[in-house]
Amino acid sequence: MSELADQLNKIVQYILGMGATVMLPLFLFILALCFRVKWTKALRSALTVGIGFVGINAVMTILSDNVGPAAKVMVKHIGLSLPNADLGWPALSAITWGLPIAPFVIVMTIVINIIMLGMKWTKTVDVDLWNYWHFALAGTLVYYVTGNFWLGILAAAVITVIVFKLADWAAPLGEKYFGLEGISLPTVSSITFWPIGLLGNWVIDHIPGLNKIHINPQTIQKRFGIMGEPMMIGTLLGILLGVLAGYDVRGILQIGVNLGAVMFILPRMVRILMEGLMPISEAVKDWLNKHVKNSGELYIGLDIAVAIGNPAVISTGLILTPIAVVLAFFLPGNGTMPLADLANLAVFASMIVLATKGDVFRSLLIGIPCLIADLYISSALAGTITKMAQNVNYSGAKNSAVTSFLDGGNPLRYWLVKIFEFNPVALGLIPVIGLIIWWLYRVTKKSVFGEADSLDESNN
């Protein structure tokens with residue numbers, strides 16, 4: 001087993017070393033050829049997608065390079081000193097790929113996806129191989145807390161199936177609101193909050209007075225004119241972040257302009273990606289309509305980064321940044337010091353924003369309890385994550401405890417860990433959460449799918 005794992009791991013690390021900007025167009029090119037797309041058209045489309053991702057990653061780097069340092073300064077200014085340092089998702093993903101379950105999860109995820117597509121249990125074709133680490137992390141956490149390799153594999157399989165189903169559920173609204181036609185977003189760190197966002201939105205709909213408050217980029221722009229444009233919102237939020245971090249005038253203006261640039265450029269990078277993806281998506285649909293009876297619609301599963309360009313998503317993530325720092329300081333029993341992941345709160349907020357159809361006010365109300373849960377969960381899993389980090393000789397874990405604020409605090413992963421520990425509360429929640437999800441699906445069909453047999457949407 002160990003020799004097989006070592007060989008698989010070498011292959012995986014070689015492939016991963018090419019990076020998502022190479023792997024994604026390569027897989028899309030192969031997919032297009034499988035569906036009889038002319039090779040020249042397939043090559044152009046795949047390269048265009050890759051170029052779009054290069055642009056998205058470049059702009060996301062600008063975002064993280066500006067928000068991350070400002071957030072760390074805020075942490076320092078507030079005097080936050082907690083035992084579990086937030087290492088962030090990049091380090092956590094590298095740790096996960098270095099552990100034994102990850103290579104098997106790649107093969108397993110591909111097989112599960114093929115089976116589910118063949119049985120018409122999902123519409124998502126998840127080509128984002130690099131992000132399979134999200135499934136591997138769930139399996140690795142279960143493996144570490146139970147000591148059972150096969151329970152870890154089973155946990156990774158379970159979360160894979162759940163995420164594909166959630167991605168299918170959210171995709172129609174993602175097409176309408178994010179403009180991501182033919183795309184689903186099977187990223188665990190964001191899709192987990194899709195049903196939570198829907199539930200929170202439904203609750204707010206039924207609170208008199210609160211249900212009349214709507215703040216979104218469209219209403220802001222309509223009311224404030226040029227000052228309400230996305231790039232101006234980004235600039236103003238950047239200036240506010242710089243002030244909260246205690247920057248001097250030059251630093252405040254620099255972060256303001258940089259975040260305004262993010263708001264302005266990122267949607268254009270997404271449009272480049274969509275330009276490349278659409279010919280492949282259309283070719284797949286045409287082939288299925290010709291050769292497969294009642295084939296239905298398929299979605300290309302991509303990284304949540306393609307949704308981050310939405311102004312409401314970025315705005316919500318930026319506003320949540322200082323809120324997360326304050327919560328970490330005041331919450332009793334919290335042991336997580338948020339650091340690296342503070343720059344990625346737009347990822348955390350993205351599906352909540354989608355569930356509220358871009359309402360920043362509602363997204364903040366729903367997001368704050370979710371942040372609290374993430375802080376406590378990441379604190380609870382700090383011992384396990386530290387052990388994982390030490391086993392791959394991660395330098396940051398040699399003399400101190402580490403965790404991951406967002407991915408280490410993900411409620412879905414934590415629930416699975418507790419289920420496989422046979423925790424009675426976690427087991428008892430299975431039918432309860434199952435019924436809530438079924439009910440949510442029923443009552444939100446009109447808002448998500450446009451069907452007529454659901455609740456009235458007048459408050460939305």
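Biologist: Where is Lys120 found?
Modeller: Lys120 sits in the loop between helix H5 (101-118) and strand S2 (124-126). Keep in mind as we go that this is a predicted model.
Biologist: Thanks. What is the phi of Lys120?
Modeller: Lys120 has a positive phi, about 60 degrees, although Lys120 is not a glycine.
Biologist: And how accessible is Lys120?
Modeller: Its relative accessibility is 48%, so Lys120 counts as partly exposed. The cut-off for exposed is over 50%.
Biologist: Which loop holds Asn393?
Modeller: Asn393 lies in the loop between helix H16 (382-391) and strand S6 (401-403). Its phi is positive too, near 60 degrees, in a residue other than glycine.
Biologist: Is Asn393 buried or exposed?
Modeller: Exposed, because Asn393 has a relative accessibility of 64%.
Biologist: Changing topic to helices: how many residues does H13 have?
Modeller: H13 covers residues 311-330, which makes 20 residues. From its first C-alpha to its last, H13 reaches 29 Å, close to the 28 Å expected at 1.5 Å a residue.
Biologist: Where does H13 bend?
Modeller: At Thr321, by about 30 degrees. A proline, Pro322, follows within four residues.
Biologist: What happens at the start of H13?
Modeller: There, a side-chain oxygen of Asn310 comes to within 3.0 Å of the backbone nitrogen of Ala312.
Biologist: Why is H13 described as largely enclosed?
Modeller: Because 15 of its 20 residues are buried, H13 is largely enclosed by the rest of the structure. Buried here means under 20% relative accessible area.
Biologist: Let's talk about cavities. How many are there of 30 Å³ or more?
Modeller: The count comes to three cavities of 30 Å³ or more. The largest cavity holds about 50 Å³ of space.
Biologist: Which elements give two or more residues to the lining of the largest cavity?
Modeller: Those are helix H3 (39-77), H13 and helix H14 (345-355). H13 gives the most, with four residues.
Biologist: Which residues line the largest cavity?
Modeller: The lining includes Leu63, Val67, Ile314, Gly317, Leu318 and Thr321.
Biologist: How does the lining divide into nonpolar, polar and charged residues?
Modeller: Eight of the lining residues are nonpolar, three are polar and none is charged.
Biologist: Great, thanks for the tour!

Conventions:
Residues are numbered from 1 along each chain as its sequence is written. This is a predicted model: local features need pLDDT of at least 70, side-chain atom pairs count only at pLDDT 80 or more; totals for chains, interfaces and linings use all residues. Side-chain values use heavy atoms; hydrogens and water are left out. The expected span of a helix is 1.5 Å times one less than its number of residues. The bend at a residue is the angle between axes fitted to the seven residues ending there and the seven starting there. Buried means under 20% relative accessible area, exposed over 50%, partly exposed in between (1.4 Å probe, protein chains only). A polar contact is a pair of N or O atoms within 3.5 Å; within protein, one must be able to donate a hydrogen and the other to accept it, and residues adjacent in sequence count only if both atoms are side-chain atoms. On a 1 Å grid over the protein atoms alone, a cavity is a set of points where a 1.4 Å probe fits but cannot get out, and a pocket is an open set with protein on both sides within 12 Å along at least five of seven lines; lining residues have an atom within 4 Å of a point. Grid points are joined across faces, edges and corners, and a volume is the space filled by probe spheres set on the points. Ala, Val, Leu, Ile, Met, Phe, Trp, Tyr, Cys and Pro count as nonpolar, Asp, Glu, Lys and Arg as charged, and the others, Gly among them, as polar.
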